[in-house]
Amino acid sequence: MAEELSADYLVIGSGIIGSLAARKLALAGASVLILEAGPRVSRGEIVARFRNTTRRSDWMSPYPSVATAPHPIYQPKDNGYLVQAGPYPYPAEYIRQFGGTSWHWAAQAWRNVPNDFRIHTLYGVGVDWPLSYADLEPFYQEAEDIMGVSGADNTGSPRKQPFPMDAVTEPYAMRRIRERLDPSFKVVGNTVARNSVSYDGRPACCGNNSCQPICPIDAQYHGGIAAQQAEDAGVKIVCNANVYKLEHDAQGRITAALYYDVDKNSHRVTAKTFILAANGIESPRLLLVSASDKYPNGLANSSDMVGRNLMDHPSTSIAFDADEDLWLGRGPQSPNSINTMRDGDFRSQHSPYRLDFTNISRVDGATRELIGKGVFGAEFEQQLRFRSAREMSLKNVLEVLPNPENRIALSSEKDAMGIPKPQAHYAIDEYTKRGHERSKQDFEHIARLMGGTNLRHSKEGVFANNQHICGTLSMGADPAKAVCDQWGRTFDHANLFLCSTGVLPTSGTCNSTENGLAVALRTVKHILDEQQGGTA
């Protein structure tokens, strides 16, 4: 075993949450080390891969899986890393590399609405959070100030301070949609970690329509920037360090993390405090594979809740042809949405949802489909122009309730490093399906207002996945029903904290990253306050 590394704090995972948690600790004067399973990759390399790919619509194509730190890949075929146990497939996509998955996110940075924290009390469904919107509000603001979030004030989430900057300029297509749907539907600009003006040394959005898989100019914040900011603050990041086990002492305190390098040499890293900041699949996997004689069911798992309550945001959608030219594809890919169904008494009966408009260029998809049908010549040109100008679509973003049977477990299969692969057990419940049925009324009403023809609903019974992994490390007040407390401290290990979207006990209707980041920044403040008080 190679020479040991050591630090005050060891953070596992260099994604946006882990990196910004580490940065905050380093800025307070602590020594901090991040272990990242995947390789170090630059924005220039990713942009070159995107430009050279033959699969432009495959947003994972610039992020290949590596054998020493694999992640799920589904195109051109499933690489089999995330093993599916059913009954419904859960094809999560994420990236294991320097900066993590948010290299290719849509940068939506919504806050929960206040009632999202009390859905069991208010509506008799799901669970309540062990903290309130008011508890989290200053940390939402801290996250938004770091990332540079732009937006409008009509989000349903009260603010004590304004957004760091005004909303990004609205694309023409979205303006026309907003004008035509008003007053039947209130269309608002999305809250996004994307610059509308120069901010923190990064330029304003210039309208590239490739926010996913990569913003080529870094107008959009992402984990690669966060990881660089952590290093600039003094954090040491070790890439190609695939952690395969956490060790503990007789009292249950974590003492070391073991990782493999690319040659499968084992290294041991010690620290006073450990922060597990991988995503909601890789974090429970590590806790489960770290089982020992004292903890035969895995670390932090005396409640048997590690990996359970897996949630995401399933989506169904509609596409149709509007009665005027819109020319989607200019500006950001996901600029506007409808938020009126995020909260209400109906939540006792069916899932709430947001309605999200896509502004992705139709050229690539329409071209592939027409060529596949054998259309060519003048007819090809005519159909391509019509579809590129008139075709539009929108999707719902549905809440899933926590369910212990939806979970991440260990597979009997192992990856190339000899570590058990994660296995997904997942289903879509009737609560979410009823939300889908309700949203179809909105879909068809919107199509009518846009003069829509050739309406195409997504296939009935099929839900797209949004890669908003949460719930598998749920925080709560009861150690018998949760993995960690409101501060992210695991109930079983006094010096092991969780900073991940996995700690979110419910999914709400908004992308999970900002919620997970705000909770993590609150956790770090608590750790530092304890340290200053001499109780850490």
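1. Two strands count as paired if DSSP finds at least two bridges between them. Strands (E, at least two residues) and helices (H or I, at least four) are DSSP runs, numbered from the N terminus. Isoleucine 338 stands opposite leucine 355 in β11. Strands β10 (residues 336–338) and β11 (residues 353–357) pair antiparallel over two bridges.

2. A note on the basis. This is a predicted model: local features need pLDDT of at least 70, side-chain atom pairs count only at pLDDT 80 or more, and totals for chains, interfaces and linings use all residues. Residues are numbered from 1 along each chain as its sequence is written, and side-chain values use heavy atoms, with hydrogens and water left out.

3. The sheet is open and has six strands, in the order β4-β10-β11-β12-β9-β15. Pairing is antiparallel. The twist averages 25° from one strand to the next.

4. Now the helices. Helix α9 (residues 377–390) lies across β9 (317–321) and β12 (391–398), at about 45° to β12. Helix α10 (residues 430–449) packs on the sheet and touches β9, β10, β11, β12 and β15. The direction of α10 makes about 155° with that of β12. Contact means heavy atoms within 4.5 Å. Axes are lines fitted to C-alpha atoms, for helices over the stretch in contact; angles run from 0 to 180 degrees between N-to-C directions.

5. An unreviewed UniProt entry annotates residues 402–518 as "domain: Glucose-methanol-choline oxidoreductase C-terminal". Such annotations may be inferred rather than shown by experiment. Over residues 402–518 the chain is 23% helix and 20% strand. The end C-alpha atoms are 20 Å apart.
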